[in-house]
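Subject: Structure handover

Hi,

Here is the model I promised to pass on.

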Amino acid sequence: MEDNINSKTGIIIYPNPSSGEFSIEGLGLGIYDVEIYNMVGEKVYSAPNINPLTSNEIYFNYQPNGIYFLQIKSEGKTISKKIIIQK
């Protein structure tokens, strides 16, 4: 299992691997956007304007098993993370 904590950003994605539902923590109080891309670079999910005070869960259980790449955008910064979906 990969380490879910990025030492530079403090972002935590859990559980990872996931069945398709996972949480993002460590972004602070700013509003953020999440985009998820498959292995060939196609955007397969987009969730704009997520407020970490009210929600930090992503429901991504309609996609097939595989490796996906998250792009988390907040306050002009972009953080990339990997998530594994296993059902």
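A word on names: helices (H or I, at least four residues) and strands (E, at least two) are DSSP runs, numbered from the N terminus.

Before going further, some ground rules. This is a predicted model, where local features need pLDDT of at least 70 and side-chain atom pairs count only at pLDDT 80 or more, while totals for chains, interfaces and linings use all residues. Residues are numbered from 1 along each chain as its sequence is written, and side-chain values use heavy atoms, with hydrogens and water left out.

The pLDDT score is the predictor's confidence in each residue, from 0 to 100. Its mean over the chain is 86, and 89% of the residues reach 70 or more. The part to be careful with is residues 1-7, where pLDDT stays under 50. For that stretch the model has 14 contacts beyond four places in sequence, a contact being heavy atoms within 4.5 Å. Where pLDDT is low, the predicted coordinates should not be read in detail.

The chain as a whole

You will find 0 helices and 7 strands, so the pattern along the sequence reads β-β-β-β-β-β-β. Of the 87 residues, 37% are buried, meaning under 20% relative accessible area, with exposed being over 50% and partly exposed in between (1.4 Å probe, protein chains only). The chain exposes about 5,200 Å², and carbon and sulfur atoms supply 52% of that; these areas come from the Shrake-Rupley method with a 1.4 Å probe, and for residues only the protein chains shown count as cover. Taking contacts between residues at least 6 apart in sequence, 46% join residues at least 24 apart.

Two strands count as paired if DSSP finds at least two bridges between them. On that basis, 4 strands make an open sheet in the order E4-E3-E6-E7, with antiparallel pairing. E4 and E7 (77-85) stand at the edges with a single partner strand each, so one side of each has no neighbour in the sheet. The twist averages 20° from one strand to the next; axes here are lines fitted to C-alpha atoms, for helices over the stretch in contact, and angles run from 0 to 180 degrees between N-to-C directions.

E3 (residues 32-37) is mostly covered, with 5 of its 6 residues buried. Antiparallel pairing links E3 to E4 (residues 43-50) over 5 bridges. These two strands form a hairpin with 5 residues between them, and Gly-41 in the turn has a positive phi of about 90°. E3 also runs antiparallel to E6 (residues 66-74), again joined by 5 bridges. Across that pairing, Val-34 has Ile-72 of E6 as its bridge partner, and Tyr-37 has Phe-69.

The three-strand sheet

The other open sheet has 3 strands in the order E1-E2-E5, with antiparallel pairing. Its edge strands are E1 and E5 (57-59), each pairing on one side only. Neighbouring strands are turned by 25° against each other on average, direction ignored. E1 and E2 (residues 21-25) run antiparallel and are joined by 3 bridges, with Ile-12 opposite Glu-25 of E2.

Ile-13 lies in E1 (residues 12-14). Is Ile-13 buried or exposed? Its relative accessibility is 2%, so Ile-13 counts as buried. The C-alpha atoms of Ile-13 and Glu-57 are 9.8 Å apart, although 44 residues separate the two along the chain.

The aromatic residues

Rings of Phe, Tyr and Trp (its six-membered ring) pair if their centres lie within 6.5 Å; planes under 30 degrees apart are stacked, over 60 edge-to-face and the rest tilted. That rule gives 3 aromatic pairs. One of them is Phe-60 with Tyr-62, edge-to-face at 5.7 Å centre to centre and 65° between the planes. Phe-60 with Tyr-68 is edge-to-face as well, because the planes stand at 85°, with the ring centres 5.0 Å apart. Phe-60 is buried at a relative accessible area of 0%, and Tyr-68 is buried too. Tyr-45, Phe-60, Tyr-62 and Tyr-68 form one aromatic cluster.

Cheers
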